[in-house]
Amino acid sequence: MKYYSTNKISPAVSFEDAVVRGLAPDKGLYFPEKIGTLPKGLIGHNNSIHEIAFEVAKLFVDGEIDNQRLQTIVEETLAFPTPIVNVEKDVFSLELWHGPTCAFKDVGARFLARCLSYFVQRKERKVTILVATSGDTGSAVANGFLGVEGIDVVILYPKGKVSKIQEQQLTTIGHNIAALEVEGTFDDCQKMVKLAFNDESLTNAMNLSSANSINVARFLPQSFYYFSAYEQLEDKNKPVAFSVPSGNFGNLTAGMFASRMGLPVEKFIAATNVNDVIPEYLKTGVYRARPSIPTISNAMDIGDPSNFVRILELHKGNLASIQNEMVGYAYTDEETAAGVKYIMDTTGYLSEPHGAIGYLALKEYMKTSNCQGIFLETAHPAKFGEVVEPILNAPVAIPERLQDYLSRKKEAVLIAPEYEALKSYLLNR
Ligand SMILES: *Cc1c(COP(=O)(O)O)cnc(C)c1O
């Protein structure tokens with residue numbers, strides 16, 4: 001099966017080429033020519049998540065990785081649980097932070113690293129992964145690619161705009177992982193990366209690839225845990241809504257793909273902070289990209305969500321069809337903080353700003369529907385301890401795997417938020 005570019009100028013390519021390239025030459029995002037459906041009886045019958053994920057992956061890899069290897073890749077990707085926790089009646093938290101860097105991005109990063117490693121080793125080529133991060137992507141990618149032969153990773157992150165733990169996770173790994181501290185915003189970082197991919201003089205000099213959720217191998221495996229969540233629900237008859245704390249909308253789009261493959265979903269809920277480009281679009285029909293505003297849910301501080309074009313593509317650009325599949329709600333920092341406190345006070349459940357926004361949006365939606373709802377808890381609360389502790393006026397225990405990073409020495413190269421600075425770094429390493 002081929003992957004075409006959403007800009008429809010560049011030719012369609014194999015899964016391998018889509019993964020190795022990341023972004024299409026015409027700046028479009030790769031999109032599968034068709035989305036297959038899962039075998040009947042697979043969903044809702046207590047099959048293991050590894051079994052379901054393998055069938056999901058097969059639909060997208062379409063034979064380009066042999067089945068045995070793909071099975072291994074899936075098992076290594078989901079080497080940790082993705083449990084749902086019953087927070088209150090009909091409300092569940094899908095905890096996606098049980099992986100090595102304590103955020104959902106571990107799933108996509110681990111799958112991508114293993115696919116890319118497979119393709120690179122067969123051709124004996126060398127690839128440089130270029131990735132912009134608002135926090136969690138960088139650490140998940142760094143961890144996923146650490147020590148992977150033939151692949152160097154260069155991470156760009158906005159100075160002073162990621163949490164202490166996040167920065168430590170990005171900058172203390174070393175080996176084949178380098179961190180660039182950019183004196184600008186996440187949008188600057190993302191723009192610089194995009195310019196690099198479209199600079200022929202650079203792409204002729206090196207094989208550049210992307211680990212942002214524009215890469216199909218990072219974004220597609222995120223559909224695995226929507227199935228996992230559904231399998232864990234006791235009541236399979238009551239309709240299910242998923243509330244997804246969103247920034248670049250890779251996670252939510254992966255859910256829409258899961259739904260196309262056969263997962264029964266009543267509604268997707270786009271839960272954002274004040275960077276509410278999509279909730280606004282759903283209301284007005286006007287997509288208004290703008291500079292991002294810093295918030296306490298900083299992994300969602302995105303002013304021009306990159307996966308929006310995939311949502312458009314899924315719906316052939318039809319606004320009414322998009323509005324039928326998803327709703328959107330946005331929250332200020334004050335509301336978010338109050339949400340973290342409210343969840344703790346009323347249910348005893350410890351959340352963090354991103355998950356709390358997911359919860360708030362879910363509850364808002366549930367006023368209009370008699371469904372059960374799952375909100376994605378996208379990171380461990382300790383990753384946002386600086387925010388959560390003052391809200392709850394209580395310490396948040398740091399898991400051992402995070403504690404480890406705090407004692408290590410930061411190594412990062414400070415650069416200006418300009419493409420030329422990035423290019424010169426890449427060419428002169
Ligand atoms: C990346 C991230 C998000 C946003 O995910 P998208 O796929 O970019 O919408 C939400 N929460 C956390 C904790 C994240 O790291």
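**Cavities, ligand and pockets**

A: The lining of the largest cavity is made up of nine nonpolar, 12 polar and three charged residues, where Ala, Val, Leu, Ile, Met, Phe, Trp, Tyr, Cys and Pro count as nonpolar, Asp, Glu, Lys and Arg as charged, and the others, Gly among them, as polar. This is a predicted model, in which local features need pLDDT of at least 70 and side-chain atom pairs count only at pLDDT 80 or more, while totals for chains, interfaces and linings use all residues. Residues are numbered from 1 along each chain as its sequence is written, and side-chain values use heavy atoms, with hydrogens and water left out.

Q: What counts as a cavity or a pocket here?
A: On a 1 Å grid over the protein atoms alone, a cavity is a set of points where a 1.4 Å probe fits but cannot get out, whereas a pocket is an open set with protein on both sides within 12 Å along at least five of seven lines; lining residues have an atom within 4 Å of a point.

Q: How many cavities are there, and what is the volume of the largest cavity?
A: There are three cavities of 30 Å³ or more, and the largest cavity has a volume of about 260 Å³, a volume being the space filled by probe spheres set on the points, with grid points joined across faces, edges and corners.

Q: Which residues lie nearest the centre of the largest cavity?
A: Of its 24 lining residues, Phe104, Lys105, Gly247, Asn248 and Ala299 lie nearest the centre. The largest share of that lining, three residues, is given by α11, and α5 (136-145) and α11 (250-261) each supply at least two residues; helices (H or I, at least four residues) and strands (E, at least two) are DSSP runs numbered from the N terminus.

Q: Where does the ligand sit?
A: The ligand takes up the space of the largest cavity, in the sense that more than half of its atoms lie within 2 Å of the grid points.

Q: Which residues are closest to the ligand?
A: Lys105, Asp136, Gly247, Phe249 and Thr378 are the closest of the 15 residues that surround the ligand, counting a residue as near if one of its heavy atoms lies within 4 Å. That shell has six nonpolar, seven polar and two charged residues.

Q: What about polar atoms at the ligand?
A: A polar side-chain atom of Lys105 lies 2.5 Å from a ligand oxygen atom, a polar backbone atom of Asn248 is 2.9 Å from an oxygen atom of the ligand, and a polar side-chain atom of Thr378 is 2.8 Å from a ligand nitrogen atom. The ligand taken alone exposes 380 Å², of which the protein buries 97%, with areas from the Shrake-Rupley method with a 1.4 Å probe.

Q: What lines the second largest cavity?
A: Its space is about 70 Å³, and its lining includes Gln190, Lys194, Phe197, Asn248 and Ser306. Helix α7 (residues 186-197) gives the largest share of that lining, four residues.

Q: Moving on, how much space lies in the largest pocket?
A: The largest pocket holds about 370 Å³ of space, and of its 14 lining residues Arg21, Pro25, Phe197, Thr203 and Leu208 are the closest to its centre. The elements giving two or more residues to this lining are α1 (15-21), α8 (200-203) and β8 (207-210), and the largest share, three residues, comes from α1.

Q: And the second largest pocket?
A: About 210 Å³ of space lies in that pocket, which is lined by 13 residues, the closest to its centre being Lys27, Leu29, Lys194, Ser306 and Val309.

Key:
A polar contact is a pair of N or O atoms within 3.5 Å; within protein, one must be able to donate a hydrogen and the other to accept it, and residues adjacent in sequence count only if both atoms are side-chain atoms.
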